[in-house]
2 protein chains.
Amino acid sequence: MKRVINFSAGPAALPLEVLEQARDEMLDWNNTGCSVMEVSHRSKEFDALHHHAIDLFKELAGLGPEWKVFFTTGGASTQFLMLPMNFLFDGRQADYINTGNWAKAAIKEAKRFGTVTVPANMEREGGAPISVPRQSDLHFNPDAAYVHYTSNNTIEGTEFFYTPDSAGKPLVSDMSSDIFSRPMELGKHSMFYAGAQKNLGPSGVTVVAMRPDFFQLAKEDLPTMMSYRVFDEHCSMFNTPPCFSIYILDLVLRWLKKNGGIEAMGKVNEQKQRELYAAIDGSGGYYSCPVDKASRSWMNIVFTLPTPELDEKFIKDAKAAGIVQVKGYRTVGGIRLSAYNAVGLDKVQTTIQFMDEFRKKNG
Amino acid sequence: MKRVINFSAGPAALPLEVLEQARDEMLDWNNTGCSVMEVSHRSKEFDALHHHAIDLFKELAGLGPEWKVFFTTGGASTQFLMLPMNFLFDGRQADYINTGNWAKAAIKEAKRFGTVTVPANMEREGGAPISVPRQSDLHFNPDAAYVHYTSNNTIEGTEFFYTPDSAGKPLVSDMSSDIFSRPMELGKHSMFYAGAQKNLGPSGVTVVAMRPDFFQLAKEDLPTMMSYRVFDEHCSMFNTPPCFSIYILDLVLRWLKKNGGIEAMGKVNEQKQRELYAAIDGSGGYYSCPVDKASRSWMNIVFTLPTPELDEKFIKDAKAAGIVQVKGYRTVGGIRLSAYNAVGLDKVQTTIQFMDEFRKKNG
């Protein structure tokens with residue numbers, strides 16, 4: 001068995017020791033004589049796991065105990081729907097910053113429920129957005145019920161390196177692809193959410209964190225599975241939760257804590273991206289990153305080679321060298337290296353070495 | 001490591017060889033050098049798995065290739081919402097047979113979207129329903145857009161042993177807790193659905209099967225994650241699906257096929273329930289099942305002991321004997337043995353032996 005270097009954009013690489021633990025206790029979890037997949041979600045063992053994951057998430061995020069943390073399903077795409085269903089009603093308006101593909105998907109859903117205004121639109125002719133807006137580019141709607149932004153744009157390879165000052169409006173962020181990758185001002189948000197399958201765990205569970213003052217504004221009497229109030233009242237267990245995904249999420253959070261938490265992760269990720277972008281920028285134009293330097297994502301490093309044929313060869317040769325899932329998103333093309341927390345610095349350095357050798361051979 | 005006999009109502013016991021395979025390929029699935037949790041859902045490997053699961057589901061169910069099969073999240077509870085959102089609009093009406101807790105939960109959601117009529121209501125004073133209606137008890141609404149029923153009532157321990165003749169109306173069933181437990185007339189339904197965590201796999205994925213003529217009636221332009229049309233257009237992959245849950249579902253379906261499919265499963269389950277109810281009825285009243293004989297579930301066998309204190313002692317002593325998760329649902333009390341497909345006849349017989357010994361010791 002040879003493990004590969006895995007740059008998948010999500011579902012993505014998981015820490016090896018998390019997988020090893022999941023393997024070792026597959027038939028007997030926590031001395032129950034069952035797999036964690038086989039125990040009732042109402043059992044005291046699973047309930048303890050569930051609450052451990054919530055508490056550890058708050059601890060790592062630096063959130064006070066008053067914060068709400070929900071485990072939902074249906075990915076960030078379902079949050080694109082639940083957020084406006086809960087907070088954009090009775091003719092309200094909301095600000096959505098448009099930074100690309102997933103931001104637009106969130107806007108599309110919100111428009112079903114109320115008026116969407118756009119403080120900044122980074123779309124441009126002839127290609128994907130190549131930057132996020134600066135604070136001075138943001139023109140907020142004074143009547144917005146909240147301001148939504150996508151902290152990292154997985155497809156475009158752009159990322160916010162500041163927390164937008166939303167002029168006193170509740171700030172909501174889709175952090176699916178950079179949550180817990182470095183210290184961020186999470187407490188300045190009224191709500192943030194993330195599909196787990198990038199930095200937090202496997203697919204199948206989405207984490208939603210909410211300040212209680214924002215939560216209080218949620219609409220009452222919504223369909224049960226769409227209501228944050230129901231998630232709160234039942235501690236995310238009105239129905240059977242995605243137990244195995246929550247179990248792996250908990251193991252990933254434990255791994256994160258053991259390895260120094262978000263601050264330590266941020267230091268490693270800073271070095272990973274610095275070395276990767278240096279390899280791209282130092283390639284004499286062989287590798288080319290379209291993204292503005294100030295907006296270059298630490299998590300999703302996108303670049304192209306001199307021709308689409310060389311892109312293809314790069315993907316093929318990388319795979320032969322044990323470096324996989326490096327293809328860019330289908331609408332953007334090129335190469336994308338998604339270097340989430342579980343992709344260690346050593347793996348990034350091996351990849352940079354491969355990139356240098358590929359360039360020399362195919363220059 | 002000692003595996004227990006697990007009667008959990010869901011998440012429930014899984015076949016041992018499914019767990020062993022999941023364990024053995026945890027670090028390297030399908031020669032990818034990754035866990036199945038770490039590969040992109042757009043990869044050819046995962047795509048093949050996804051389609052294999054869909055095709056095998058249809059094969060085992062005896063459905064033609066024209067049927068739609070979707071993998072959704074949020075459990076049957078989210079289907080309680082999606083079904084009326086997609087099919088109960090513009091002032092339409094629908095029939096919902098009320099057989100207990102989960103049927104009522106489905107009715108509650110449907111009422112948000114249209115008029116719900118009830119062809120039979122099995123609620124009664126002083127306790128949970130103890131039977132499902134007979135065909136002759138069903139009074140259908142001639143204007144109903146569809147008829148919904150719950151084929152097995154997990155909490156009440158009742159089950160339909162006939163397919164309701166819905167007078168030509170599309171028939172929809174929540175089969176979460178008896179799907180694939182025995183041959184049923186699945187093809188007589190326009191739609192059936194099941195949370196996987198009982199007979200099909202772990203929690204986190206829900207299977208929805210739909211005839212194309214019914215599908216054609218689904219509302220257009222619904223919120224993305226609520227639209228069966230979107231699930232169809234994107235083959236359940238508009239967003240990242242719950243990959244690991246689908247993987248285990250596929251392994252369970254393979255196990256089912258290898259062991260003779262639904263027909264063989266039905267024979268084993270018939271014997272399991274026959275021996276269990278015989279032990280209850282032959283206990284001279286020590287064990288007492290409240291359910292009418294014609295409606296007694298094969299999957300969820302509910303009974304009580306002479307006193308609540310003896311119920312408690314039974315639960316405790318069973319656990320000491322390695323027989324776990326036998327407590328009845330919190331609103332009903334007593335004992336519940338959920339003997340899904342993965343609980344073999346030998347485990348049921350060991351349990352019957354325990355019941356006999358317990359009665360002799362505590363009679």
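Let's start in chain A, where helix H1 (residues 16–24) packs against helix H7 (residues 243–258) at an angle of about 135 degrees, and the two axes are 9 Å apart. Keep in mind as you look around that this is a predicted model. What do we call that arrangement of H1(A) and H7(A)? With an angle of about 135 degrees, H1(A) and H7(A) are therefore oblique to each other. The crossing of H1(A) past H7(A) is right-handed.

Now zoom in on the residues that do the touching. From H1(A) come A:Glu17, A:Val18, A:Gln21 and A:Ala22, and they meet A:Ile248, A:Leu251, A:Val252 and A:Trp255 in H7(A). Sorted by class, this contact has 6 nonpolar, 1 polar and 1 charged residues.

Next, hop over to chain B. Here H1(B) and H7(B) pack at an angle of about 135 degrees, with 9 Å between their axes. That makes H1(B) oblique to H7(B). H1(B) goes past H7(B) in a right-handed crossing. On the H1(B) side you'll find B:Glu17, B:Val18, B:Gln21 and B:Ala22, which meet B:Ile248, B:Leu251, B:Val252 and B:Trp255 of H7(B). The residues of this contact split into 6 nonpolar, 1 polar and 1 charged.

So far we've stayed inside each chain, but how do the chains meet? Their contact draws 53 residues from chain B and 54 residues from chain A. On the chain B side, the elements giving two or more residues are helix H1 (16–24), helix H3 (75–87) and helix H7 (243–258). By class, that side has 24 nonpolar, 22 polar and 7 charged residues.

Is B:His41 buried or exposed? Its count is 21 other C-beta atoms within 10 Å, so B:His41 is buried; the cut-off for that is 20 or more. Leaving out residues up to four places away in sequence, B:His41 touches A:Pro11 from the other chain, along with B:Phe46, B:Met237, B:Thr240, B:Pro241 and B:Cys243. Take B:Met237: in sequence it is 196 residues from B:His41, yet their C-alpha atoms are 8.0 Å apart in space.

Finally, let's look at the nonpolar core. In soluble globular proteins, nonpolar side chains tend to be buried together. The largest nonpolar core here has 225 residues, and A:Val207 and B:Val207 touch the most other members. Setting aside neighbours within four places in sequence, A:Val207 is in contact with A:Phe57, A:Val69, A:Phe71, A:Tyr193, A:Ala194, A:Ala196 and A:Leu200.

Key. Residues are numbered from 1 along each chain as its sequence is written. Chains are lettered from A and ligands numbered from 1 in the order in which they are written. This is a predicted model: local features need pLDDT of at least 70, side-chain atom pairs count only at pLDDT 80 or more; totals for chains, interfaces and linings use all residues. Two residues are in contact if their C-beta atoms, placed from the backbone, lie within 7 Å. Helices (H or I, at least four residues) and strands (E, at least two) are DSSP runs, numbered from the N terminus. Ala, Val, Leu, Ile, Met, Phe, Trp, Tyr, Cys and Pro count as nonpolar, Asp, Glu, Lys and Arg as charged, and the others, Gly among them, as polar. Axes are lines fitted to C-alpha atoms, for helices over the stretch in contact, and angles run from 0 to 180 degrees between N-to-C directions. Angles under 35 degrees count as roughly parallel, over 145 as roughly antiparallel, 65 to 115 as roughly perpendicular and the rest as oblique. A crossing is left-handed if the near helix is turned anticlockwise from the far one by less than a right angle, and right-handed if clockwise. A nonpolar core is a set of buried Ala, Val, Leu, Ile, Met, Phe, Trp, Tyr and Cys residues joined through C-beta atoms within 7 Å. A residue is buried if 20 or more other C-beta atoms lie within 10 Å of its own, exposed if 12 or fewer, and partly exposed in between; C-beta atoms are placed from the backbone.
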